[in-house]
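Trainee: I would like to go through this structure step by step. Please start with the chain as a whole and then move to single residues.

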Amino acid sequence: GRFYYLLMLSPVKTVESFPSDIESKINKANSYKDEGNEFYKNNQHKKAISTYGKSLAYIRGLPGNSKGLEGYGALAIEKSKASGQQIASENEINRATDIEIIVHTNIATCYNKLSDYRKAIEHSDKALALNSSSWKAHLRKAEALIGLKHYDNADENLQQALRLCNDITWQNKIKNE
């Protein structure tokens, strides 16, 4: 009887279920982004990067995401059509892309904090490939370029960030970089 009672009290690990519909996948990606933000706020940059990676995994796996990694989107569309999977709507793709831009920018921020400037540039560039008007991605790239002592390129990115940013508080921070 005692052994059975102990089994009843032991915590049960739940296996995470993979959402089947696109909206749920986008929501899961967004919740991983938010979780990553919490790790970042607590200076747990490596955990944040790992959690942001989970967010990207959900975004990249969306059918029809032609803005994903090199050619992955086209492959996803073909597989979706062949298997009859739900194709993401333009609104869903736009929402997913917005999350992807934020996540890449946040990963760049973490890598800057870890002084891994090349990876910060890599993720800034991924965000900029999705939206060249992302002032935060320009800012994070500039910070990484400063870390690498590439001041001319850094200045170019800072100026671009300043031109694109319309938040006065951030404009002042950029001017002080």
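Mentor: This is a predicted model. Take the contacts in the chain between residues at least 6 apart in sequence: of these, 56% join residues at least 24 apart.

Trainee: How many helices and how many strands does the chain have?

Mentor: From the N terminus on, the elements run α-α-α-α-α-α-α-α-α. The count is therefore nine helices and zero strands.

Trainee: What share of the residues counts as buried?

Mentor: A residue is buried if its relative accessible area is under 20%. The chain has 177 residues, and the share that counts as buried is 39%.

Trainee: How are helices H2 and H5 oriented to each other?

Mentor: Two packed helices are described by the angle between their axes and the distance between the axes. The axes of H2 (residues 22-41) and H5 come within 10 Å and cross at roughly 20°. Angles under 35 degrees count as roughly parallel. H2 and H5 are therefore roughly parallel.

Trainee: Which residues make the contact, and what classes do they belong to?

Mentor: The crossing of H2 and H5 is left-handed. On the H2 side the contact is made by residues including Ile-22, Ile-26, Ala-29 and Tyr-40, and on the H5 side by residues including Arg-95, Ile-99, Ile-102 and Val-103. By class, the contact of H2 with H5 has nine nonpolar, five polar and five charged residues.

Trainee: How far apart in space are Ile-102 and Ser-124?

Mentor: Along the sequence, Ile-102 and Ser-124 are 22 residues apart. In space, from C-alpha to C-alpha, the distance is 9.8 Å.

Trainee: What is the separation for Lys-126 and Thr-105?

Mentor: Lys-126 is found in helix H6 (residues 117-130) and is partly exposed, with a relative accessible area of 25%. Lys-126 and Thr-105 are 21 residues apart along the chain. Their C-alpha atoms are separated by 8.4 Å.

Trainee: How many aromatic pairs are there, and why is the pair of Tyr-32 and Tyr-58 tilted?

Mentor: Ring centres have to lie within 6.5 Å to pair, and the count comes to two aromatic pairs. The rings of Tyr-32 and Tyr-58 have their centres 5.8 Å apart and their planes at 35°. Planes under 30 degrees apart count as stacked and over 60 as edge-to-face, so this pair is tilted.

Trainee: Which helices does the pair tie together?

Mentor: Both Tyr-32 and Tyr-58 are buried. The pair ties together parts that are 26 residues apart in sequence. Tyr-32 lies in helix H2, and Tyr-58 lies in helix H3 (residues 45-60).

Trainee: What is the value of phi for Asn-43, and is Asn-43 buried or exposed?

Mentor: Most residues other than glycine have a negative phi, and most peptide bonds are trans. Asn-43, in the loop between H2 and H3, has a positive phi near 60°. With a relative accessible area of 59%, Asn-43 is exposed.

Trainee: What is phi for Ser-115?

Mentor: Ser-115 has its place in the loop between H5 and H6. At 47% relative accessibility, Ser-115 counts as partly exposed. Its phi is positive, in a residue other than glycine, with a value near 60°.

How values were computed
Residues are numbered from 1 along each chain as its sequence is written. This is a predicted model: local features need pLDDT of at least 70, side-chain atom pairs count only at pLDDT 80 or more; totals for chains, interfaces and linings use all residues. Side-chain values use heavy atoms; hydrogens and water are left out. Axes are lines fitted to C-alpha atoms, for helices over the stretch in contact, and angles run from 0 to 180 degrees between N-to-C directions. Helices (H or I, at least four residues) and strands (E, at least two) are DSSP runs, numbered from the N terminus. Angles under 35 degrees count as roughly parallel, over 145 as roughly antiparallel, 65 to 115 as roughly perpendicular and the rest as oblique. A crossing is left-handed if the near helix is turned anticlockwise from the far one by less than a right angle, and right-handed if clockwise. Contact means heavy atoms within 4.5 Å. Ala, Val, Leu, Ile, Met, Phe, Trp, Tyr, Cys and Pro count as nonpolar, Asp, Glu, Lys and Arg as charged, and the others, Gly among them, as polar. Rings of Phe, Tyr and Trp (its six-membered ring) pair if their centres lie within 6.5 Å; planes under 30 degrees apart count as stacked, over 60 as edge-to-face and the rest as tilted. Buried means under 20% relative accessible area, exposed over 50%, partly exposed in between (1.4 Å probe, protein chains only).
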